Amino acid sequence: MVSKNEKLRDGHSSTDPRAASEDRWFRAVADFTNDWESWHGVEGQLIWVNPAVERLTGHTVAECLAMVDYPMSLVLEEDRPRVANVLKSAAQQTSGEQVEFRCVHVNGETRWMSLSWQPMYADEGEYLGMRTSIRDVTDLHKLRDELRLYAEHLEQLVQERTSRLRQLEQRQRQMEKLAALGQLAAGVAHEINNPLAGVRNAFELIKADLPRNHEHYELLELIDREIERISAIIHQMYQLYRHSPMQPSPFSMARAIGEVIYLLESTATKQGVSLQWNGTDDSLEVDLAEGGVKQILYNLIRNALQASPAGEVVLVDAKRTGSEIAVSVKDHGEGISEEVAQLMFDPFFTTKQTGPDGGMGLGLSVSSSLIESMGGRIEVASQLGQGSIFMAIFPSNI
């Protein structure tokens, strides 16, 4: 009587020449199949494995047939429970596919495999065992990993772009707010400026008639400072909204910085702060709106002076980097917190105390708008307790 395993190994009866010929061809097809094929008997024992196993694992067919725990010794230890579950399920005459596990080659290389299995039956329906087919999917895993990394990178780019769009939208809303408030501010400033000029002229006449030793002369000095403060506020309101853009023209950045510093020397003296600028490089030529550049520098340097305690130094430097000129203003103040850094370019945001030197919170907002309209930007580096560096980066346009 022929056993089930003999039927599986030998196919049809060897006394039938035609059957023997067919068996030869079927055996050749199985041996030369690219995938790693195995046949298992009813009890799960290995009956046959094709030569592809040596290409994928480094183990010969004879070595595999001699293994008592085939195919477990070929499977990465972490994945053995998964393969064991497949074999247990296959013993119940189930079928399945694409169960992935890692295989360890004799050279130490770990490769990914995909396992499929089916039960096998004789012509009369007798159960003969099972067949497993294992395909090398290492390259597919590499492609998956590359695709995953690409997807993560793409997601990061999308997040960055979304964040940038949100910033631009927020900036657009700020600009719309600035434009609306600016139109109102310009109108109010125009209406206030005329009567203020009359008050100033009348006050100068009164002040001129009182001697300096008058008991109320100090009050006149206070009134004079407050008038100056109102005038400065009106000037800021004009800066907030301009009906016509300033036209660019060639000029020396070093000369413009020197002139702004000259205008702020009295402020520095009043603050007890030294203002240091050693720039004499006349090669720092730009083609920009000179009035706008000076306004930006004036705001940044004045802020640095106001942020620095008495006895400290505000350093101003300028250098060319490619097609850009960077003007840095370094103070030794208290530094800027993260909360303030997120708001300091917003219109009307200020941390300055109210008083003669207080402002409307328009300096940085106006400066940022001006330099962006020129194609430049303002960068800030600050550390609490160690001061801040504001860097105005202008395109030279030359």
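**A mixed sheet in a predicted model**

Q: What is the phi of Gly322 in the hairpin of S9 and S10?
A: In this predicted model, Gly322 takes a positive phi near 65° in that hairpin, which has 2 residues between its strands.

Q: What makes S9 and S10 (residues 324–330) a pair, and in which sense?
A: Pairing requires at least two bridges found by DSSP. S9 and S10 have 7 bridges, in the antiparallel sense, so the two strands count as paired. In S10, Ser328 is the bridge partner of Asp317.

Q: How do you know that S7 (residues 274–277) pairs with S9 (residues 313–321)?
A: The two strands are joined by 4 bridges and run parallel; the cut-off is at least two bridges, so they pair. Trp277 has Val316 in S9 as its bridge partner.

Q: Why do S7 and S11 (377–383) stand at the edges?
A: The open sheet has 5 strands in the order S7-S9-S10-S12-S11, with mixed pairing. S7 and S11 each have a single partner strand, so one side of each lacks a neighbour in the sheet. From one strand to the next, the twist averages 15°.

Q: What joins S11 to S12 (residues 387–395)?
A: There are 7 bridges between these strands, which run antiparallel. With at least two bridges needed, S11 and S12 therefore pair. Arg377 stands opposite Ile393 in S12.

Q: Which strands does helix H8 (residues 253–271) touch?
A: Helix H8 packs on the sheet and touches S7, S9, S10 and S12. The direction of H8 makes about 170° with that of S7; contact here means heavy atoms within 4.5 Å.

How values were computed: Residues are numbered from 1 along each chain as its sequence is written. This is a predicted model: local features need pLDDT of at least 70, side-chain atom pairs count only at pLDDT 80 or more; totals for chains, interfaces and linings use all residues. Side-chain values use heavy atoms; hydrogens and water are left out. Axes are lines fitted to C-alpha atoms, for helices over the stretch in contact, and angles run from 0 to 180 degrees between N-to-C directions.
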